[in-house]
Amino acid sequence: MHKRNIVSLVPAFLLLIFCAEFLPLAAQQSGSATEHRKLLAIFAHPDDETMAGALLAHYAHEKGTGVYLAIVSNGEKGVMPHTRYSPGEELERVRIKEAECATHTLGIHAPILLGMPDGGLNNVRVLAELAAKLKKTIAEVNPDAIVTWGPDGGYGHADHRLVSAVVTQIVQEMGKPRLFYAALPKSRMPESTSELRFPAPFVATSDQYLDTRVRVSRDDETLARKSLACHQSQFRPESMERISDLTEKVDSGVAYLRSWSGGKKRTDLFR
Ligand SMILES: [Zn+2]
């Protein structure tokens with residue numbers, strides 16, 4: 001080969017090395033190149049994604065949409081009476097596997113685990129660390145929309161409420177992306193949810209605030225039901241059935257959400 005031709009190949013060779021070194025990381029951070037829009041769900045524990053299971057399955061199967069799930073705590077203290085797992089590392093390992101099973105079932109990306117303390121967010125330094133980790137995650141995923149707990153935290157769990165507050169704080173500071181709270185419509189909720197045997201009743205949102213309603217299919221609901229079944233350390237099979245039955249009855253083919261900054265523009269608090 002002529003010497004001048006070899007020299008002309010050097011930039012191409014260097015580019016090849018650069019690509020081999022850096023592109024896999026870039027591709028991993030930004031998701032598949034075919035994703036032209038991204039949804040990031042942020043919840044407190046493995047199994048919380050159940051609150052938006054059908055919605056996540058719905059978008060996972062929309063062409064060009066990447067769906068991500070960030071889980072704040074690995075739920076290492078969530079010991080339930082029907083299992084024999086020890087709190088700490090053993091239960092953490094089990095629950096990470098369950099979260100991976102759930103994301104795989106829903107057809108979304110593998111969970112992003114933030115490893116914050118289970119039941120231990122109520123501390124100013126811990127909350128600051130959580131905010132920093134969530135900002136980094138949001139910057140890396142670069143979502144167009146985020147779904148998280150509303151201020152109710154479903155049934156009022158302190159970790160759920162705090163995750164909602166920190167995610168809201170970050171979005172109100174950044175001015176993006178769109179933020180939605182997963183919600184239960186008041187008009188469709190049964191008088192009591194005591195049959196679910198959660199520590200406190202589930203809290204509904206008045207229908208007038210549910211400005212975002214996404215149609216989900218029977219297949220999406222089926223995937224949500226299957227993904228809940230991954231969380232065997234948390235629920236007996238009959239409890240999973242009860243939760244899925246009630247969710248499907250309340251939602252009936254619609255995922256209800258409240259957009260955090262929704263509603264008409266106002267110039268007065270009372271008009
Ligand atoms: Zn939870």
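The structure is a predicted model, in which local features need a pLDDT of at least 70 and side-chain atom pairs count only at pLDDT 80 or more, while totals for chains, interfaces and linings use all residues. Residues are numbered from 1 along each chain as its sequence is written. Helices (H or I, at least four residues) and strands (E, at least two) are DSSP runs numbered from the N terminus.

**Confidence of the model**

- Across the protein, pLDDT (the predictor's confidence in each residue, from 0 to 100) averages 89, and 88% of the residues score at least 70.
- Over residues 13-30, however, pLDDT stays under 50, and for this stretch the model has three contacts beyond four places in sequence, where a contact means that the C-beta atoms of two residues, placed from the backbone, lie within 7 Å.

**H3 against H7**

- H3, which covers residues 89-106, packs against H7, which covers residues 218-228, at an angle of about 165 degrees, and their axes are 8 Å apart. Axes are lines fitted to C-alpha atoms, for helices over the stretch in contact, and angles run from 0 to 180 degrees between N-to-C directions.
- H3 and H7 are therefore roughly antiparallel to each other, since angles over 145 degrees count as roughly antiparallel, under 35 as roughly parallel, 65 to 115 as roughly perpendicular and the rest as oblique.
- On the H3 side the contact is made by Ala102, Thr105 and Leu106, and on the H7 side by Leu223, Lys226 and Ser227.
- Sorted by class, the residues of the contact of H3 with H7 are three nonpolar, two polar and one charged, with Ala, Val, Leu, Ile, Met, Phe, Trp, Tyr, Cys and Pro counted as nonpolar, Asp, Glu, Lys and Arg as charged, and the others, Gly among them, as polar.

**H7 against H8**

- H7 also packs with helix H8 (residues 237-251), here at an angle of about 155 degrees and with the two axes 10 Å apart, and that makes H7 roughly antiparallel to H8.
- The crossing of H7 with H8 is right-handed, and the residues that form the contact are Glu221, Arg225 and Leu228 from H7 together with Met240, Ile243, Ser244 and Glu248 from H8.
- In the contact of H7 with H8 there are three nonpolar, one polar and three charged residues.

**H4 against H6**

- Helix H4 (residues 124-141) and helix H6 (residues 158-174) have axes that come within 10 Å of each other and cross at roughly 55 degrees, which makes H4 oblique to H6.
- H4 passes H6 in a right-handed crossing, with Leu127, Leu130, Ala131, Leu134, Lys135 and Ile138 of H4 meeting Leu162, Val166, Val167, Gln169 and Ile170 of H6.
- The contact of H4 with H6 divides into nine nonpolar, one polar and one charged residues.

**The sheet**

- Seven strands make up an open sheet of mixed pairing, and their order is E3-E2-E1-E4-E5-E7-E6; two strands pair if DSSP finds at least two bridges between them.
- At the edges of this sheet are strand E3 (112-116) and strand E6 (212-215), each of which pairs on one side only, and from one strand to the next the twist averages 25 degrees.
- Strand E5 (residues 178-182) runs antiparallel to strand E7 (residues 254-259), and three bridges join them; in E7, Leu257 is the bridge partner of Ala182, and Ser259 is the bridge partner of Phe180.
- E6 also runs antiparallel to E7, the two being joined by four bridges, and Arg215 has Val254 of E7 as its bridge partner.
- Helix H2 (residues 53-60) lies across strand E1 (37-43), strand E2 (65-73), strand E4 (145-149), E6 and E7, and the helix runs at about 145 degrees to E2.

**Backbone details in the loops**

- The peptide bond leading from Lys176 to Pro177 is cis, with omega near -10 degrees, and Pro177 belongs to the loop between H6 and E5.
- Asp47, although it is not a glycine, has a positive phi of about 105 degrees, and Asp47 is placed in the loop between E1 and H2.

How values were computed: A crossing is left-handed if the near helix is turned anticlockwise from the far one by less than a right angle, and right-handed if clockwise.
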